[in-house]
Amino acid sequence: MIIMLWRARSRMEHNFDEIVSRKGTNCLKHDFAAEHGKSANVLPLWVADMDFKSPEPVVKALLAAVEHGVFGYPGVKEEYFAVLRDWFAADFGFEIKPGWLVRSPGVVFALNTAVRAFTRPGEAVMIQTPVYPPFFKCVTANERRLVDSELLCLNGRYAIDFDDFEKKMAENRVKLFILCSPHNPVGRVWRPDELRELGRICLKYGCLVVADEIHCDFAHAGRKHHIFPLAGPGLADIAIVCLAPSKTFNIAGLQVANIVIPNAALKAAFEGETRRAGCGELNCLGLVAGTAAYREGRPWLLELKRYLAGNFELLRNFLAENLPLVRLTEPEGTFMAWLDFRALGLNQEELNDLIVGRAGLWLNDGASFGRAGRGFQRMNLASPRQVIQQALTRLAAAIN
Ligand SMILES: Cc1ncc(COP(=O)(O)O)c(C=O)c1O
């Protein structure tokens, strides 16, 4: 009986150790080294997708849809909304009402849309660097004024400089703040009191908040992600919450995002801008994948998170034993590690030469996340452990 149960259980488990070759699949992470000026044998641990297969129920649902063979325009039925609502109610106590949801092909599309919908050219938009580069690009590309309240890095841990945040918001009459929660790349999972204080300041100065919560399902053990509008009174009225199954279930290429806007006037303005961009319907296969993922993907996600914790553990131990000068920023969320190389005393060019030229690794250059990222590199840990081990061995050989 015990053996039968064990067999049934082990059959259910996903093999995250499996090396799935992504070469030759138009894969941004693996197939474009030459286009990025890198050698073909560089080990890619950069862009934030995973080298793991999606949950089996997702793959099965997609196979059935492909088998059907007709790929016309989709519409979104109650079924998709129901699984989405159940997921966010169960995990975060976030009760999404039917009228709050706007569909979007991606979160970056939504960031750009929000900037155009809620600000005019020349008006100020606030971000907190180091941060995911589209946060500043969506501001500058739309000819708005970028205001940066850099995060504080205190003894390997990041914090918000609330005085600086409030001062800059007041001085620049900031209209929109783009929050990254959990924060990519520094890995903070913001506490409710931090979110509340940000919200209090935004309410005081009449500033709207785009809360990019795409990494919400990746709070590490012992941490809890808090949905921004639930952090304090009045915040639902000023929030545009960006959610998506793309990071969680590794379906970024299928382009499905869920933008949740409780305030009806803001939602109408956002939808108007979406319409003006001529875009806003979901990919038919993305819809199939997203529905299956929210409905049946949880066991896979739980296993994935245990596996990622093992990768972080490997990284932490390896650095302690072999590369004590390279510091891992204490990770609280996301599947990215934010590594501080400043103790090596290299300038950014020398650091990149070390990582790419000598170690043969393709990470994200910390400087691409803003000035505050100089001396850092972002390493994506969502790969089989063997690959992470290989990357660390290469890094140690290059540095030592
Ligand atoms: C904070 C953050 N927002 C958005 C995205 C991308 O979202 P999408 O692919 O839906 O445009 C990423 C991808 O790495 C991200 O880290």
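Into which domains is the protein divided? In this predicted model, the protein consists of domain 1, covering 12–56 + 298–399, and domain 2, covering 70–296. The centres of domain 1 and domain 2, taken over C-alpha atoms, are separated by 25 Å.

The two domains touch each other: 27 residues of domain 1 are in contact with 34 residues of domain 2. On the side of domain 1 that touches domain 2, helix 12 (298–322) and strand 12 (336–340) each supply at least two residues. Strand 12 gives the most to this side, with 3 residues. Sorted by class, the residues on this side of domain 1 are 12 nonpolar, 8 polar and 7 charged.

Strand 14 pairs with strand 15 (residues 376–380) in the antiparallel sense, over 2 bridges. In one part of this pairing, Asn-364 has Arg-378 of strand 15 as its bridge partner.

The nonpolar residues of the interior were examined next. In soluble globular proteins, nonpolar side chains tend to be buried together. The largest nonpolar core of the model holds 115 residues, and Leu-176, Val-209 and Cys-242 touch the most other members. Among the elements of the chain, helix 5 (residues 107–118) gives the most to this core, with 8 residues. The core lies between domain 1 (12–56 + 298–399) and domain 2 (70–296), because both domains give residues to it.

Cys-242 illustrates how parts of the chain that are apart in sequence meet. Leaving aside its neighbours within four places in sequence, Cys-242 is in contact with Val-107, Ala-110, Val-210, Ala-211, Asp-212, Glu-213, Ile-214, Ala-257 and Ile-259. Of these partners, Val-107 and Ala-110 fall within the range of helix 5.

Technical notes: Residues numbered from 1 in each chain as written. Predicted model: local features only at pLDDT ≥ 70, side-chain atom pairs only at ≥ 80, totals over all residues. Pairing = 2+ DSSP bridges. Helix = DSSP H or I, 4+ residues; strand = E, 2+ residues; numbered from the N terminus. Domains from an automatic or database assignment. Contact = placed C-beta atoms within 7 Å. Nonpolar A, V, L, I, M, F, W, Y, C, P; charged D, E, K, R; others polar. Core = buried A, V, L, I, M, F, W, Y, C linked by C-beta atoms within 7 Å. Buried ≥ 20, exposed ≤ 12 C-beta atoms within 10 Å, placed from the backbone.
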